[in-house]
Amino acid sequence: MRAPALILTVTAALFAVACAPAEDTPVVPTAVNGVACTKDKLATLTPGKITFGTDQPAYAPWFVDDDPTNGKGFESAVAYAVAEELGYAKADVVWTRVPFNAAIQPGKKTYDADINEFSITEERRQAVDFSAPYYDVDQVAITLKSSKAAEAKTLADLKQVKIGAQVGTTSFESAQRLSAEQDVAVYNTNDDAKAALRAGQIDVLVVDLPTAFHITSAEMTDGRIIGQIPGADRRPEQFGIVLDKGSALTGCVSNAVESLRSKGKLTAIEQEWLSAAGSAPELK
């Protein structure tokens, strides 16, 4: 009479082993800090919707045709992938335009999450939350082939040329570290900065690496990448999604980013939209 019981016990044990997650497969929680990471439980601005913010214009290769709603471009694709991880269909994603600097200022937000090449810094963390990082990036100096800066090979070579960057960005901070001899020219947008470079008002423009490759390959036929600018701590910067300070969504958005990473989806999106970026020599 004991044989059937033994068979049932062994069967149950085998079923439990078969259903257990593999040791190398991360277990992604469905709640963070007591907040359920599901569409019906998340306290978004509009129930059943998630609102992403980004700047205008939204530049390639992060977005395509200045249209974040089309799902094209690295950051547009990441936003929709994060939304999907949280249970939102593409039709549930709403976009709003928020100027770059306004997005990281204290105060009431018009977005649930903002994705706009925001490098994670401790200074910015004083005013907003960041998700887990979704991309590592370096800052790069670019110029025109006709510029006196075109032959620069070292950081010292750039100290006496006129450098510009967009206001409020870590590109601007990198430009300040470069330009020891004179003030950095500051511009409201990269479009303004690119126009200044074309007009000869600056010799060098500092932008992130994928943007540099896009500018020099698709926007300026005479553009040239000089090289990568080492970070303050010799490590790449990391982009994070911006949320309101203390947002109940922060943990769940971070959880979604990490889930995308563990599944290889972040890598796939990067390969689709940023594969052309390649690399550039590091300036020393």
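**Close-up views of a predicted model**

**View 1. Helix α2 (residues 74–85) packs against helix α8 (residues 250–262) at an angle of about 105 degrees, with their axes 9 Å apart.** This is a predicted model, in which local features need pLDDT of at least 70, side-chain atom pairs count only at pLDDT 80 or more, and totals for chains, interfaces and linings use all residues. Residues are numbered from 1 along each chain as its sequence is written, and side-chain values use heavy atoms, leaving out hydrogens and water. The two helices, α2 and α8, are therefore roughly perpendicular to each other (a term for angles of 65 to 115 degrees). On the α2 side, the contact (heavy atoms within 4.5 Å) is made by Ala81, Val82 and Glu85, and α8 brings Val253, Ala256, Val257, Ser259 and Leu260.

View 2. Buried means under 20% relative accessible area with a 1.4 Å probe, protein chains only.

**View 3. Trp62, Phe74, Tyr134, Tyr135 and Phe239 form one aromatic cluster.** Here, rings pair if their centres lie within 6.5 Å. The ring centres of Trp62 and Tyr135 are 5.8 Å apart and their planes are at 70 degrees, so this pair is edge-to-face (planes over 60 degrees apart). Trp62 lies in the loop between β3 (50–54) and α2, and Tyr135 in strand β7 (residues 135–137), 73 residues apart. Both Trp62 and Tyr135 are buried.

Conventions. Axes fitted to C-alpha atoms, helices over the stretch in contact; angles between N-to-C directions. Helix = DSSP H or I, 4+ residues; strand = E, 2+ residues; numbered from the N terminus. Parallel < 35°, antiparallel > 145°, perpendicular 65-115°, else oblique. Phe/Tyr/Trp six-rings, centres within 6.5 Å; stacked < 30°, edge-to-face > 60°. Buried < 20%, exposed > 50% of the residue type's maximum accessible area, 1.4 Å probe, protein only.
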